[in-house]
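Reader: I would like to learn how to read pockets, ligand shells and backbone angles in a model. Please take me through one.

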Amino acid sequence: MQPSIFITGATSGFGEACARRFAEAGWSLIITGRREERLLALADQLSAQTEVLPLVLDVRDRAAMESAITGLPERFSQLTGLINNAGLALGTDSAQHCELEQWETMVDTNIKGLLYSTRLLLPRLIAQGAGAGIVNVGSIAGNWPYPGSHVYGASKAFVRQFSLNLRCDLLGTGVRVTNLEPGLSESEFSLVRFGGDQARYDAIYQDTQAIQPKDIAETVFWILNQPKHLNINALELMPVSQAWSNFAVHRQ
Ligand code: NDP
Ligand code: 8X3
């Protein structure tokens, strides 16, 4: 049977690049996202290479997630991979100036959405057993603090700890779990974070070489194609052009 993979947030960036990479290798795909036109266009394009099932889904909508996943065709009763990729950051203002609504959206998407797909798909991954794997897309923001990261970074710290805890519970099932922790990467992520401000988007990538979605897709593909007895617990990656900065000190 073909290996199969469920990818959340496949309409752009990392998710789309992963869909392309796994299609190239002949994996069957279940791809999801809210933007129907993009999703269907991608499915149409990739279906020349492999079987693709597009599901227009908002990961925050628990009932829709339950209904779509429960209704998956019988051939997906076993699943080889899950890439929990859908996610976003909203804004870079200090916590004291943020809208609670933005915080709620990040929690609902990056945490609750990821929990829904994980819990609902676990039985299928466990049915596959050895060789199956989950890649949760965390971030360096889950490991390191920086101004304006507040809830975004905290949501990714949740994803990191959840990934490690999952490993404990899945011991003996053969199912692997990896927390992938990228740094500065070029995708619509920054456009979303900056509320569509193209000038700010351009500025953040100017004169530097950020990680590209294709780099992430190669990394995810590598993770999920390790020998069945190996688990990459966590993998943090940055562009060479990014590093940490000093501690901040306030002076009167
Ligand atoms: P993009 O903005 O390009 O992609 C985000 C994807 O998530 C889109 O396909 C979007 O689809 C989907 N998505 C967002 N909200 C929802 C939702 N409520 N329901 C379903 N799908 C949703 O950004 P990236 O590819 O860069 O981001 C992917 C992941 O990588 C995110 O989790 C992000 O936090 C993480 N990350 C990004 C980094 C970066 O610098 N770019 C670095 C580290 C981590 P649609 O809008 O169609 O629903
Ligand atoms: C995105 C990476 O550094 O912008 O998760 O927080 S960063």
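Reader: How do the residues of the lining of the second largest pocket divide by class?

Author: The general idea comes first. Ala, Val, Leu, Ile, Met, Phe, Trp, Tyr, Cys and Pro count as nonpolar, Asp, Glu, Lys and Arg as charged, and the others, Gly among them, as polar. In this lining, three residues are nonpolar, one is polar and six are charged. This is a predicted model, where local features need pLDDT of at least 70, side-chain atom pairs count only at pLDDT 80 or more, and totals for chains, interfaces and linings use all residues. Residues are numbered from 1 along each chain as its sequence is written, chains are lettered from A and ligands numbered from 1 in the order in which they are written, and side-chain values use heavy atoms, with hydrogens and water left out.

Reader: Which residues line the second largest pocket?

Author: A pocket is an open set of points on a 1 Å grid over the protein atoms alone, where a 1.4 Å probe fits, with protein on both sides within 12 Å along at least five of seven lines; lining residues have an atom within 4 Å of a point. Here the lining is Gly13, Glu16, Ala17, Arg20, Arg21, Glu24, Pro213, Lys214, Ala217 and Glu218. Two elements, α1 (13-24) and α8 (213-224), each give two or more residues to it. Helices are DSSP runs (H or I, at least four residues), numbered from the N terminus. Helix α1 gives the most, with six residues. The space in this pocket is about 160 Å³, a volume being what is filled by probe spheres set on the points, which are joined across faces, edges and corners.

Reader: Is Ala217 buried or exposed?

Author: Buried means under 20% relative accessible area, exposed over 50%, partly exposed in between (1.4 Å probe, protein chains only). Ala217, in helix α8, counts as buried because its relative accessible area is 3%.

Reader: Which polar contacts does ligand 2 have?

Author: A polar contact to a ligand is a pair of N or O atoms within 3.5 Å. Polar side-chain atoms of Ser139 and Tyr146 each lie 2.5 Å from an oxygen atom of ligand 2. For Tyr152 the distance is 2.6 Å. The protein covers 83% of the 240 Å² of accessible area that ligand 2 has on its own; such areas come from the Shrake-Rupley method with a 1.4 Å probe.

Reader: Which residues surround ligand 2?

Author: A residue is near a molecule if one of its heavy atoms lies within 4 Å of it. Ser139, Ile140, Ala141, Tyr146, Tyr152, Phe189 and Arg193 surround ligand 2. By class, five are nonpolar, one polar and one charged.

Reader: Which residues come nearest to ligand 1?

Author: Of 28 residues around ligand 1, Thr11, Phe14, Arg34, Tyr152 and Ser187 come nearest. Its shell has nine nonpolar, 13 polar and six charged residues. A polar side-chain atom of Lys156 lies 2.9 Å from an oxygen atom of ligand 1. A backbone N or O atom of Gly9 lies 3.1 Å from one. The protein covers 96% of the 880 Å² of accessible area that ligand 1 has on its own.

Reader: What is the phi of Asp207?

Author: Most residues other than glycine have a negative phi. Asp207 has a positive phi, near 55°. Asp207 sits in the loop between α7 (198-205) and α8. It counts as exposed because its relative accessibility is 77%.

How values were computed:
Polar contact = N/O pair within 3.5 Å; in protein donor to acceptor, adjacent residues only side chain to side chain.
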